[in-house]
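Subject: A structure for you to look through

Hello,

Here is the structure I promised to pass on to you. Please open it beside this email and follow along as you read.

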Amino acid sequence: MASATVVVAGALANKPDQAGEAWVKLSWVRGLQRLGFDVWFVEQLAESMRYDERAPRWFRSVTERFGLSGRSVLLSAGQSLAGASADELLEVAPEASLVNISGHLTEEPLFGRFRRRVMVDIDPGFTQFWHLEGLAGANVAGHDAYFTIGERIGKDDCPIPTGGIEWRPVRQPVVLEDWPLVDPGAGNRFTTIATWRGPFGPVEHGGRTYGLKVHEFRRFIELPRRLPYRFEVALDIDPGDDRDLEALRRNGWEVADPREVAADPDALRAYIQGSGAEFSPAQGMYVDTACGWFSDRSVRYLASGKPVLVQDTGFSHILPVGEGLLAFRTLEEAVAGAGEIASNYDEHCAAARAIAEEYFDAERVLTGFCEQAKIG
């Protein structure tokens, strides 16, 4: 591909010390770099974060770690708080394509100056329902093309409204060299990294409520009592949810401190690669709409050669399940899946990496994305 310029926009400083969020954005940056693009990263700081000293510190730390100091800008009211100057980015924009993750960048005049603007939705269901209700936070308007990791949006059995938009499917990319295959761990140790409630509230539409991860996790809370294995979650949970935390521990869950696990990109990678496998429920929104959402975190487990046992969000219609990647809908299916992984661990490890290579390799994913988005 020609050395065209692409600007990736997304939340980084707005989510300080959240390495998982950092890996999402940096995987797009690094994947596009590997295709030969000159890649910039831009972030628009929320008003609520303007006086949070963690924000610019985290932005600098992550962009320096990934060699982006001269190709990144943290914007606040049109001014650069970290990285290159706002004027430099304004000069680049007319010849560049914007890859706008979650519609993050809205600030003018920068937004309107790009040659082409492509939205990438990583919160399927939330984005489309908010857009239907006319909520500004959807940030859908003004783009030339639309992509979503909810690969089944538009299918007859997926109730998420398209809003008359052609939502093209795209998968979460992973740069495989950043997440190399590692030696198998303990096949009886299942881990995950989670936020108990997440940033969004439940969505009500058509007389139905689409819930959160907490609601789904509670359905499977007794899993460790059903099996002779270790189950651990690095959990960001509010002190007000102490009853849930007590219930987790009472049912045999080990609870790790997310500040030790996920506050640094390298620490998060080490935690995933030191695990045996992943077990995780999903957001109720993704489960109930069968939209096909698949976690970027699970992609990194797969790339590391760690089997993944996760709640089905419709991805079983799209991805190969049964070896390396197992889906469950009920507690009994979760019990059976964990037993299968532990009993045939080496085979599932090999299959996990093969799935990452076939379906999530950044070069494959982003080559197709760029062709459809007319970037390059």
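A residue is called buried when its relative accessible area is under 20%, exposed when that area is over 50%, and partly exposed in between (1.4 Å probe, protein chains only). Keep in mind that this is a predicted model, in which local features need pLDDT of at least 70, side-chain atom pairs count only at pLDDT 80 or more, and totals for chains, interfaces and linings use all residues. Residues are numbered from 1 along each chain as its sequence is written, and side-chain values use heavy atoms, with hydrogens and water left out.

**Two cysteines**

Let's begin with Cys 158, which is buried, with a relative accessible area of 6%. Cys 291 is buried too, at 0%. A disulfide is a covalent bond between the sulfur atoms of two cysteines; here a pair of cysteine sulfur atoms counts as one when they lie within 2.5 Å. The structure holds zero disulfides. For Cys 158, the nearest cysteine sulfur is that of Cys 291, 5.8 Å away.

**The two sheets**

Helices (H or I, at least four residues) and strands (E, at least two) are DSSP runs, numbered from the N terminus. Two strands pair if DSSP finds at least two bridges between them. For the angles below, axes are lines fitted to C-alpha atoms, for helices over the stretch in contact, and angles run from 0 to 180 degrees between N-to-C directions. Contact means heavy atoms within 4.5 Å.

Another open sheet is built from six strands, β13-β12-β9-β14-β15-β16, with parallel pairing. At its edges stand β13 (254-256) and β16 (325-328); each has a single partner strand, so one side of each is left without a neighbour in the sheet. Neighbouring strands are turned by 25° against each other on average, direction ignored. Four bridges join β15 (residues 308-311) to β16, and Val 308 has Leu 325 as its bridge partner in β16. Helix α12 packs on this sheet, touching β9, β14 (277-280) and β15, with its direction at about 160° to that of β14.

**Helix α10 and Asp 296**

α10 lies across β9 and β12, running at about 145° to β9. In this helix (residues 265-273), the buried residues are Pro 265, Leu 268, Arg 269, Tyr 271, Ile 272 and Gln 273. They pack against elements including α1 (19-34), α2 (54-65) and α12 (296-303).

Asp 296 lies in α12. Is Asp 296 buried or exposed? Asp 296 is buried, with a relative accessible area of 16%. Not counting residues up to four places away in sequence, Asp 296 touches Gly 20, Val 24 and Gln 172.

**The nonpolar cores**

A nonpolar core is a set of buried Ala, Val, Leu, Ile, Met, Phe, Trp, Tyr and Cys residues joined through side-chain atoms within 4.5 Å. The largest one has 117 residues, and those with the most contacts inside it include Val 8, Trp 28 and Phe 279. The largest share of this core, eight residues, comes from α1. A second, separate core of 16 residues includes Ala 9, Val 42, Ala 84 and Leu 105.

**Some backbone details**

Most residues other than glycine have a negative phi, and most peptide bonds are trans. A cis peptide bond joins Glu 108 and Pro 109, with omega at about 10°. Asp 17, in the loop between β1 and α1, has a positive phi near 65°. Asn 139 has a positive phi as well, near 55°, and counts as partly exposed at 25% relative accessibility.

Enjoy exploring!
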